[in-house]
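Here are a few friendly notes to read alongside the model.

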Amino acid sequence: MSRTIVVLAGDGVGPEVTAQAVRVLEAASTKYSLGLEFEDALIGGAAYDAAGSPLPDATVKACRASAGILLGAVGGPKWADIPVQHRPEQGLLAIRKALGLFANLRPVTTMPELAAASPLKPEKLAGVDILVIRELTGGIYFGKRSRSADAAFDTCEYTVAEIERVCRVAGTLAMNRRRKVTSVDKANVLDTSRLWRDVATRVFRTEFPQLTVEHLLVDAAAMHLLSRPADFDVMVTENMFGDILTDEASMLAGSMGLLPSASLGNGSGPGLYEPIHGSAPDIAGQGVANPCGTILSAAMLLRHSLGAEAPAAAIEGAVAAAIRAGARTRDIAASGARDWLGTAAFTDVVLRNLAAH
Ligand code: NAD
Ligand code: IPM
Ligand code: MN
C-alpha cells in the first residue's frame, strides 16, 4: 500500500500551513513508524502560473496514486480576473470531482480555553461537538450554468443516489456518536430540497432506525447554530449550505483557522484533507496563520485514510494541549495580547507535546 502523502500547498497561506502540518506528520511518522513519504504537487493559482492549469494532469495522477492528500488553500486576488475555467477554485472543485469525494466531514468542537475567541457567550459554547457532513460533488457548484452580457444562471441539481450516499455516511457516523442527525435543506422553496428531505427521511428511517432525526430549513439552521449549538450532533446538508454553515460554525470554535475537514469517497481511492478556510490573502506571507485546521486535517488523514487512530488522536491531543497550556496564534489570542505565536512557533509547541506523550 502506498505510504505517499501528496501535499497540495496551493496559494496564500496554504504553503505556510501545510509546511507546518507536514512537520507534524513527519514527527508522527517517526514516532509511530508509519513510513510516510511526501510528494508536492501543484494546484490552484500556483499551478496556473507554473503550468497553465489550476489542476494539471500530473497532479491528478499523483493524487490517485497516493495514500492521502493534504491540501492548504487555493485562490487570491491575483487570479480574480482570469477566465473562469482557469480560476484556482476550479482546480479544487475538479480534484474533488475527479476523485469522487462526495462526503466532506467538518467537525466543530469548542474548548473552554478559547471561549473568549468566539463572539458567543461561554455558556452557549459548552459541550459543542458537531460533525457537519457537507455533500461535496453535486448541487449548484456543479450544475448547468451560463453567463451572457446581461444575465446569468446556475442550476442546482441532485439525484436520489447522490442524496442517499451522503445520508448513509452521516447515518453511519452518527451511530458511533450521540445518534442524532439534523438534515438541513430549503424544502419550503427548492425542489432539490424537497427531494433531499424525502430521501433523507427514507434513508434514516429504513437504514438507521435507531437515530433521532430532525429536519431544519437552512435559514433557521443558521440561527439554531448560534442559539443552541450544543444540541447538534451530526448535521448533513447539500454542498452550498454546508459551505456557508461551516464558516459560521467556525466561530463557535473561535476562528476559521481552527477547523479541519476530510473529503471522502466510496473508499476505493485516497481522501483529501484540508482546513475549511481559504488562502487568507489578508494575512498571507506574514507567518501568522493558524495552522491548527491543517494539522487537525493531517490527523484526520491518518485516521480515515491510513487507519492510524493512535497517531491521529496523539496529534489532536498535542494541539489541544498546546491551547490548554496557553499557546495562541494571533487570531485566537486575547485582544491586545502581544504574546501570541507565529505559525511555526505554535507548531513547535504542538511538536513538543507530541514528543512528550
Ligand atoms: P478565507 O477563509 O481565506 O479568509 C477569511 C478570513 O479568515 C480572513 O480574515 C482570514 O485572514 C481569516 N483566516 C482564514 N484562515 C486563517 C488562518 N489559518 N489563520 C488565521 N486567520 C485565518 O476566505 P476569503 O478571504 O473569503 O477567501 C480568500 C480566497 O480563498 C478566495 O480566493 C477564495 O476563493 C479562497 N478560498 C479557498 C478555500 C479552499 O481552498 N478550500 C476555501 C475558502 C476560500
Ligand atoms: C471551501 C471553499 C471552496 C468551496 C471554494 C474555494 C471552491 O470555500 O472549501 O469551503 O466553496 O467548496
Ligand atoms: Mn468554504
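1. Let's begin with burial. Of the 357 residues in the chain, 51% are buried. Please keep in mind that this is a predicted model, and the figures here are computed from it.

2. Next, the overall dimensions. The C-alpha trace spans about 50 × 50 × 45 Å along its principal axes.

3. You can look for 12 helices and 12 strands in the chain. Among contacts with a separation of 6 or more, 76% are between residues 24 or more positions apart. When you pick out a contact in the viewer, do check where its two partners sit in the sequence.

4. How is the chain divided into domains? Domain 1 is made of residues 1-99 + 269-357, and domain 2 covers 108-260. Notice that domain 1 is written as two stretches of sequence. The C-alpha centres of the two domains lie 23 Å apart.

5. Let's look at where the domains meet. Here, 20 residues of domain 1 are in contact with 19 residues of domain 2. On the domain 1 side, α4 (88-98), α10 (292-306) and α11 (309-324) each supply at least two residues. Which of the elements gives the most to this side? The answer is α10, with 5 residues. By class, the domain 1 side has 11 nonpolar, 5 polar and 4 charged residues.

6. Ligand 1 deserves a slow look. It is surrounded by 23 residues, and the closest are G75, G257, H277, G278 and N290. Which domains contribute to this shell? Both domain 1 and domain 2 do, with at least three residues from each. The shell divides into 10 nonpolar, 9 polar and 4 charged residues.

7. Finally, ligand 2. The residues around ligand 2 are G75, E89, L92, L93, D243, I276 and G278. By class, the shell around ligand 2 has 3 nonpolar, 2 polar and 2 charged residues. The helix α4 gives the most to this shell, with 3 residues; α4 also supplies at least two residues to the side of domain 1 that touches domain 2.

Note on methods
Residues numbered from 1 in each chain as written. Chains lettered and ligands numbered in written order. Predicted model: local features only at pLDDT ≥ 70, side-chain atom pairs only at ≥ 80, totals over all residues. Helix = DSSP H or I, 4+ residues; strand = E, 2+ residues; numbered from the N terminus. Buried ≥ 20, exposed ≤ 12 C-beta atoms within 10 Å, placed from the backbone. Contact = placed C-beta atoms within 7 Å. Near = placed C-beta within 6 Å. Nonpolar A, V, L, I, M, F, W, Y, C, P; charged D, E, K, R; others polar. Domains from an automatic or database assignment.
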